[in-house]
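Please look at the sequence and the model shown below before reading on. The report then moves from the domains to the strands.

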Amino acid sequence: MLFLSRILVSVLFLAVTAPVVAASSTSINGENRGIALRWRSAKLKIAVSSSLATESTSIKPASDVDGAIARSFERWRQATGIEFEIVNSGRTNVSPSGPTGDGVSLITIAPSQANLSVFAAGAADVPATTRIFFSRQGYISEADIVLNPTQVFSTDGTFGTFDLEAVLVHEIGHLLGLEHAPISGAMMYRSQARNGHFASPAPNREISPADIAAARALYGSIDPDVECCFAVDVATGAGFAKGTSVVWAEEADTGRVVAAANPQPERTRTSLEGLTAGNYKIYVQNSINGATRSALVPVVIESGGRDRTVKTLPDAAASAAELEFIGTNGQLSKMPLTLDAGRTHTVLIAGKGIDAKSLTIGSTSPFVRVVTESARPLDYGEKIEAISVEVAVAADALPGSYTLIATDRSGAAIYFPAAINIPSR
Ligand SMILES: [Zn+2]
């Protein structure tokens, strides 16, 4: 989070990463493991360590720990149909890295040496890590969730603590085999914010449509009437930057972000998986060496049609502008801004080349209307350029993530995918 003032222009991130450490014979990072991981069974037994039941200095006293655990698994049961049997356990330690674990999938917060070692160099501030054991065929045999004993968790939104339920929802995604999503509006985004982000009253605990598509790609659709699944492959390749390029799909009529993927420069295609039949707009954006290019193409996926569509997106003009931060009330962040439906909000947008005179801000959704003439430049010093703009969210907006767009005078468009999050009511 960035507090804007004329004096302070440093960037301070509250959001911290929660990497998945996948362990087979080698330790593979969750971003790029080359093989889809999933459970073979649709009913999983999860052991909750007594370290979560007894008073832990890492959990705010009187927190609803059992409720947070139950609700976080229930969210994934509703999304995937997988049943979870939660049992209590006297175990405290994550299984050590190696080809196999002890076969017990454990959630623990015990401040033991074994658990603390998971948060070694560079990972001291992450709220949790999930260690996965899997076979050569990609079947998961065990997944241990270690909540970082050096952090503080709560269930009532206490400022500066991690929301236990939100962290568990993210880690259970890893437990199920999901990797990180490249858009900040997804529960599986690599960063999670501590409570107090934008002074927002409620932490985001919801599984987004893009997360559900990723889960559908592994486990199929929970709804027997929904034909599943389709994929769209977009031609990308060596010219695409890791980390600053993204491919995503939006529902054509609502603009809701429903799938996203990170191009890998060493691969010629980027796949959006887990889609259902429908009309979509597929976007690609690539920022490299200070130039951002974006393009979009409509795709119709017909019921009963081919399960894989390949698209090459048109070349686009480059823009030097970059949308990097969004916020409100003098705070900016890379995390999405939660806006309530049926209200008009003052939104701050910042980044490189963000000039109210040369850029027109808009959205890709009919639910999110940017009042163009309300755009005002903000003077926060030389290092960051920001504008404020009024954003009206329709009363009937569907919950989900929505994208902002900035168009320059030459017509070049740059996107801030999933910058706005509309919560369910
Ligand atoms: Zn993670």
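The protein chain is divided into domain 1 (16–206), domain 2 (220–311) and domain 3 (322–422), with bounds that come from an automatic or database domain assignment. Residues are numbered from 1 along each chain as its sequence is written. The model is predicted, and local features need pLDDT of at least 70, side-chain atom pairs count only at pLDDT 80 or more, while totals for chains, interfaces and linings use all residues.

The centres of domain 2 and domain 3, taken over C-alpha atoms, are separated by 23 Å. Their contact takes 13 residues from domain 2 and 16 residues from domain 3, where two residues are in contact if their C-beta atoms, placed from the backbone, lie within 7 Å. On the side of domain 2 that touches domain 3, two or more residues come from each of β14 (245–251), β15 (257–261), β17 and β18; such strands are DSSP runs of E with at least two residues, numbered from the N terminus.

Two strand pairs are set out here, a pair being counted if DSSP finds at least two bridges between the strands.

| Strands | Sense | Bridges |
|---|---|---|
| β17 (residues 278–288) and β18 (residues 291–301) | antiparallel | 11 bridges |
| β22 and β28 (residues 413–422) | parallel | 2 bridges |

Leu337 has Ile420 as its bridge partner in β28.

Notes
Helices (H or I, at least four residues) and strands (E, at least two) are DSSP runs, numbered from the N terminus.
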